[in-house]
Amino acid sequence: MTYQTIQVETNGKVGVIRLNRPQALNALNSELAGEVGEAIAAFEADAGIGCIVLTGSEKAFAAGADIKEMAGKDYMDAFFGNFAADWNAAARARKPVIAAVAGFALGGGCELAMQCDMIIAADNAKFGQPEIKLGIIPGIGGTQRLTRAIGKAKAMDMILTGRMMDATEAERSGLVARVVPLADLMNEAMKTANTIASMSLPSVMLAKEAVNRAFETTLAEGVLFESRVFHSLFATADQKEGMTAFVEKRAAKFENK
Ligand code: CAA
């Protein structure tokens, strides 16, 4: 598959998607959003892939939705075209997706990173929802995911002022899982992705689904869901292998079944 706005490669069990519109700091336009969706779908369908890494350049993960593409739209274009409503392939993925973020992750770029299951940030990363400065608001989940990630006080601060948050503040606030020096970003993301991909894929996918339930339901329902999923994993060969390997003091060899 040839793409115009992203680069895609497979590294062992990890699928890597690199946003690649350097002339626009990887701003998200319809073409790029569509290609990210196709690349994620291809990795989802590839039984050899256990984790996906989504990244950008050293200067920008993505500087938001493409303002030049949006500028001429009126309400009817946005409403009837359901503008950007389906730019959520990362959030819909069933396999884990890690965002490896360097540089700007603004507007739709921050929202895209937050659609992923975890964010690993370089020390030069800057997060923000500056839409308010354009006379709009976040449009691909920012008001909801940022608030869940960092709480109302900081989300209001970011979304109403449009200010940026550096990597240290983002880690302190719970937006990112880890901050590493820029030079180590891809190594750290790939190491983490390989660790995840070495686990039993059914348990990884179900663990991710269970964690995400925490955002969708009550505590009692979420714990019940976890319990049902936990029990179901005792039906897998990988559970037998994982526990036998522990008892036999050897590394588990999971077969994703
Ligand atoms: N859309 C389109 N083009 C963009 C862009 C965007 N979001 N962000 C940057 N670019 C373009 C610039 O227009 C510029 O292109 P030209 O060279 O052709 O002029 C190029 O990328 C480089 O950008 P700058 O010269 O501005 O680079 P800088 O280092 O001086 O500043 C920046 C970097 C602070 C990120 C600045 O580019 C900026 O503020 N960008 C816009 C950020 C923004 O407002 N994002 C939110 C968009 S709205 C949104 O995302 C809605 C939603 O929720 C779906």
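1. A search of the whole structure, which is a predicted model, turns up zero disulfides. The two cysteines discussed here are C51 and C116. The sulfur of C51 has its closest cysteine sulfur in C116, at 10.0 Å, which is too far for a bond. For a disulfide the two sulfur atoms would have to lie within 2.5 Å. C116 is likewise in no disulfide, the nearest cysteine sulfur being that of C51.

2. Setting of the cysteines. C51 is buried, and its relative accessible area is 0%. C116 is also buried, with a relative accessible area of 8%. Both values fall under the 20% limit that counts as buried.

3. Domains. The domain assignment divides the protein into domain 1, residues 6-197, and domain 2, residues 200-248. Taken over C-alpha atoms, the centres of domain 1 and domain 2 are 27 Å apart. Domain 1 contributes 10 residues to the contact, and domain 2 contributes six.

4. Extent of the interface. The size of an interface is often expressed as the accessible area lost when the parts come together. For domain 1 and domain 2 this buried area is about 700 Å², with 58% of it on carbon and sulfur atoms. On the side of domain 1, the residues that lose the most area to domain 2 are R94, D117 and R148. Together they account for 54% of what that side buries.

5. One salt bridge is found across the interface of domain 1 and domain 2. K208 forms a salt bridge with D117, and their closest N and O atoms are 2.8 Å apart. D117 is also one of the residues named above for the area lost to domain 2.

6. Make-up of the domain 1 side. Sorted by class, the side of domain 1 that touches domain 2 has five nonpolar residues, four charged residues and one polar residue.

How values were computed:
Residues are numbered from 1 along each chain as its sequence is written. This is a predicted model: local features need pLDDT of at least 70, side-chain atom pairs count only at pLDDT 80 or more; totals for chains, interfaces and linings use all residues. Side-chain values use heavy atoms; hydrogens and water are left out. Domain bounds come from an automatic or database domain assignment. Contact means heavy atoms within 4.5 Å. Buried area is the accessible area (1.4 Å probe) that two parts lose on being put together, summed over both. A salt bridge is a side-chain nitrogen of Lys or Arg within 4 Å of a carboxyl oxygen of Asp or Glu. Ala, Val, Leu, Ile, Met, Phe, Trp, Tyr, Cys and Pro count as nonpolar, Asp, Glu, Lys and Arg as charged, and the others, Gly among them, as polar. Buried means under 20% relative accessible area, exposed over 50%, partly exposed in between (1.4 Å probe, protein chains only).
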